[in-house]
Structures are given as structure tokens and as C-alpha cells.
Amino acid sequence: MRPLFALCALTAIGAAADEPLLLQKPTLNKTHIVFVYAGDLWSVPREGGDAVRLTSGTGTETDPAFSSDGARIAFTGEYDGNVDVFVVPASGGVPKRLTWHPAPDRVLGWTPDGKRIIFSSARTAYSRYAEMFTVPAEGGVEEKLPLPTGYQASMSPDSQSIAYEPIGKAFTMWKRYRGGQTARIWLARLSDSTVTKVPRTNSNDFNPMWAADRVYFLSDRNGPATLFYYDVKAKTVREAIPAQGLDLKSASLGPDAIVYEQFGGISLYDLKSGKTRPVPIRVQGDFPELRTRLVNVGRRLGSPAVSPNGARAVFAARGDIITVPAEKGDPRNLTNTPGVMERDPQWSPDGKNIAYLSDQSGEYALHIHPQSGAGEVKKIELKAGYYNSPRFSPDSRKIALVDTFSRLWYVDLETSKQVEVAQDTYQMRSGDIAGAWSPASK
């Protein structure tokens with residue numbers, strides 16, 4: 001059985017300058033900004049305006065970095081079935097592949113003279129960590145830097161030292177992590193690998209950028225991640241951009257400014273004046289991934305649950321809730337809601353309804369849908385949070401579920417009241433916990 005269902009576009013094909021976008025990992029030269037959008041590289045003047053697509057490969061292009069003269073762009077490309085280092089003229093053209101090892105090679109930046117590209121790779125590591133290498137921009141043999149590990153990095157202007165992350169970020173999505181794997185920035189002298197540590201107190205410091213006697217970096221030491229700098233001579237850390245409530249996700253150093261990404265938009269920080277300004281950008285393209293089309297989900301079904309009589313089963317597939325027969329009948333898409341994520345379906349013990357979680361309102365809510373597909377959907381608002389593992393009580397009148405903070409709740413389906421039952425004091429991952437009801441539904 002291979003059910004087909006329509007998948008509709010999630011965003012508009014064209015985006016105006018005042019609409020929210022997801023522009024990522026910008027880099028800067030004297031005249032232009034290059035950034036990642038929809039898996040491709042785009043270029044726009046520093047003043048903003050209409051962006052031009054530089055790459056259109058079937059794989060993902062990311063981590064762009066301008067050479068010191070601004071004439072070329074190195075990037076991480078997923079071409080030819082592998083992740084490698086590529087270089088392309090700043091004006092566009094055919095990307096040139098520079099690395100060929102089967103291990104993923106990810107661009108970190110350029111040497112100050114513009115002759116070599118710095119990248120990270122686990123190609124010679126004996127465990128799950130990355131080391132740093134350089135490769136000639138014209139192509140040639142890679143050389144390993146004399147450091148045991150390395151992630152995001154930036155060389156000093158005299159090429160004698162490098163600012164880098166010895167430990168990769170533990171999480172890319174969860175905020176304010178304070179465990180033993182917090183990211184930190186070290187300054188290493190390449191001649192003897194002597195290390196100077198940027199002062200910190202268990203904060204996440206990442207994305208170093210070496211400019212003259214300062215090493216700029218992003219840090220969540222004062223709350224939301226924002227821009228700081230370390231004075232190499234004074235050995236002090238100062239905040240460059242006050243925290244404004246939303247994290248700065250990535251940043252890149254240009255000739256006279258730092259370009260950074262915040263909440264899907266791009267802004268410039270002037271190194272001389274210390275002032276910032278947003279860059280208005282418009283992105284227009286065909287974006288084939290956003291076209292409405294039919295998708296075969298027969299092999300991509302998840303979160304299974306069986307009806308009480310065993311005649312049908314329910315699954316989640318690409319954000320929709322689908323029931324399929326055990327033997328005879330047709331698959332049935334209960335939700336058919338493009339642009340909405342519905343997940344974790346459960347069949348009620350009386351066989352009448354299917355419950356699932358939906359973000360249709362912008363926050364996760366509990367939806368109760370008649371299993372036949374006919375009739376009105378009951379929508380119950382939940383307290384703000386991320387939920388999973390809904391479980392019907394045996395009398396089909398309540399549902400237990402768990403949130404991100406390992407709290408166990410139940411919802412009374414008649415009154416729509418949400419009640420907290422308990423919280424796991426060990427703060428286990430919510431996916432490790434699920435509610436189970438007593439036979440009396442109490």
C-alpha cells in the first residue's frame with residue numbers, strides 16, 4: 001500500500017524586504033553580502049535590495065566565506081554524494097571542488113593572504129571529533145594544523161595564531177546550555193601550540209573573528225547570544241552589541257564591519273562607530289521544494305497506533321494524520337493541512353476518535369478528530385510548551401501527555417481542563433517518559 005497525498009507550499013515563492021525570511025550564515029566583502037537561503041548561496045549589495053542566486057546545485061551549499069580580497073567565496077557543498085570544500089568566484093560561476101575525502105569537510109574561513117582555505121574534518125580523527133586543515137585555493141594537498149581538535153576558527157592578521165573552538169557546540173537549537181560541553185574559544189600560537197583561553201564562566205562562546213588586536217565572538221554569557229570581543233593586549237572581554245532579546249546565530253568579519261544573522265534577518269555592525277543597521281533583502285526564485293506536489297509517503301509513516309478492533313491503523317506522515325486499513329479499504333487523510341505539523345496520533349479505546357498534537361494555532365494544541373473523518377474537530381488549547389506522548393484513559397474521557405520539562409499532565413476532554421500530575425525531578429528528556437493509565441482511568 002502506497003498512499004499519495006498532496007503536499008502544499010509552506011511559504012510564499014517570493015519574499016519582500018519587510019517579510020520574515022530565514023537568511024543564514026552571512027559573509028561580507030567591501031561591496032556585497034553573501035548568505036544561505038533555501039540551501040543555496042545568494043548575493044546582495046551591502047545596502048540591501050534584490051538578492052541574486054550564486055549556486056543552484058541539487059545538494060546543500062552552506063558556510064560561505066569571502067577571501068581577503070573579496071574576489072572568491074569558499075563554501076561547504078554537498079555535491080557528488082559527499083560534503084566537501086568548494087570555491088566559486090564572488091560574481092558567480094562553476095564551483096571548483098577542493099577536497100575529496102569521504103569524511104565531511106566544512107569550511108571555516110581563509111588564511112589572511114587569501115591563498116588557502118581553512119576547514120574542519122574528522123578524516124584523521126580516531127573518534128567523533130573534528131580537526132583543522134588548510135587546502136590551497138587553487139587546489140592541492142591538504143595540510144593539518146598542529147592542534148588536536150578544532151571547529152569554528154579565525155586566523156590572526158599575521159597568520160601566526162588562530163582563534164578557534166576546541167569543543168564543538170553541544171546543541172544547535174536548545175538555548176542556555178550550561179553542561180560540561182559548553183563551547184569556548186582559545187587562541188593558539190601555531191608555532192608551538194601555546195594556548196590562551198578567552199575568560200569565561202561556563203558560557204557558550206563561539207564563532208570567533210580576529211580583527212587587529214580584538215577577537216570578536218558570539219556568546220550567551222549575559223543571556224541571549226550577542227556580540228562580544230576579547231582584547232588580546234588587555235586580556236579583557238567587553239560586550240559590543242547589547243543583548244536585544246533574540247540570539248545572534250552566526251556572524252562574519254568583513255573589511256570594516258561584521259555581518260550577523262538574527263531572527264532570520266541580516267544586519268551590519270560597523271567596527272569603527274560600533275553602530276548596527278539592518279539590511280533589507282528581497283529574495284525571489286522558483287524554489288522547487290515549495291511547489292505543491294504529490295508525495296509518496298508509503299515508506300515514511302511514523303507514530304503508529306492500532307484501532308481497538310484492529311481494522312485500521314493510524315500514522316503520522318509529513319505533518320498529516322493518516323489511517324490505513326489492515327486488509328480492505330482505502331487510506332484516509334484525516335487532516336490534510338499543508339503548512340501545519342500534526343504528530344503523535346492515538347486511537348481512543350472506544351474506537352470513535354483519534355487524538356493528536358497540532359501547531360495550527362501557533363502553539364501546540366490537542367486535537368480530537370472523529371476517526372471516520374466526518375464531523376467537527378475538537379481543539380483544546382494547552383499551556384505553552386512542547387508536548388508529546390498523548391495517551392487516552394481506558395474510558396476515553398481523558399488524555400495524559402508529557403511536556404519538555406518532564407512534567408506529566410492530563411486533559412479532561414469534557415471540560416478541556418489541563419491538570420499537572422507530576423514532574424520528573426531528574427529532568428529526563430520528555431521523549432523518555434510517557435503516561436500509562438490505571439484500568440479505572442483514575
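1. Open sheet. In this predicted model, the strands β23, β24, β25 and β26 form an open sheet in the order β23-β24-β25-β26, with antiparallel pairing. Strands here are DSSP runs of E of at least two residues, numbered from the N terminus, and two strands pair if DSSP finds at least two bridges between them. The edges are β23 (248-253) and β26 (276-278); each has a single partner strand, so one side of each is left without a neighbour in the sheet. From one strand to the next the twist averages 25 degrees, where axes are lines fitted to C-alpha atoms and angles run from 0 to 180 degrees between N-to-C directions. Strand β25 (residues 265-270) is joined to β26 by three bridges in the antiparallel sense, and tyrosine 269 has threonine 276 in β26 as its bridge partner.

2. Basis and confidence. Residues are numbered from 1 along each chain as its sequence is written. Local features need pLDDT of at least 70, side-chain atom pairs count only at pLDDT 80 or more, and totals for chains, interfaces and linings use all residues, while side-chain values use heavy atoms, with hydrogens and water left out. The pLDDT, which is the predictor's confidence in each residue from 0 to 100, averages 91 over the protein chain, and 93% of the residues score at least 70. Residues 1-17, however, have a pLDDT below 50; this stretch still has 53 contacts in the model beyond near neighbours in sequence, a contact being heavy atoms within 4.5 Å.

3. Hairpin β21-β22. Strand β21 (residues 226-231) runs antiparallel to strand β22 (residues 236-239), and four bridges join them. The two strands form a hairpin with four residues between them, and lysine 235 in the turn has a positive phi of about 60 degrees. Phenylalanine 228 stands opposite glutamate 239 in β22.

4. Aromatic pairs. The structure holds 14 aromatic pairs; rings of Phe, Tyr and Trp (its six-membered ring) pair if their centres lie within 6.5 Å, and planes under 30 degrees apart count as stacked, over 60 as edge-to-face and the rest as tilted. Phenylalanine 75 and phenylalanine 86 have ring centres 5.7 Å apart and planes at 15 degrees, so this pair is stacked. Phenylalanine 75 lies in strand β8 (residues 72-79) and phenylalanine 86 in strand β9 (residues 82-89), so the pair ties together parts that are 11 residues apart in sequence. Both phenylalanine 75 and phenylalanine 86 are buried (buried means under 20% relative accessible area, exposed over 50%, partly exposed in between, with a 1.4 Å probe and protein chains only). A separate cluster is formed by Tyr37, Trp42 and Phe287.

5. Phenylalanine 217 and phenylalanine 228 form a stacked pair, 6.1 Å centre to centre with 20 degrees between the planes. Phenylalanine 217 is buried, at a relative accessible area of 0%, and phenylalanine 228 counts as buried at 3% relative accessibility. Arginine 221 lies over the face of phenylalanine 228, at 5.6 Å from the ring centre. The charged end of arginine 214 sits over the ring of tyrosine 229, 3.9 Å from its centre. The criterion is NZ of Lys or CZ of Arg within 6 Å of the ring centre and within 35 degrees of the ring normal.

6. Threonine 124. This residue lies in the loop between β12 (116-121) and β13 (131-136). At 45% relative accessibility, threonine 124 counts as partly exposed. Leaving aside neighbours within four places in sequence, threonine 124 is in contact with Glu131, Phe133 and Lys144.
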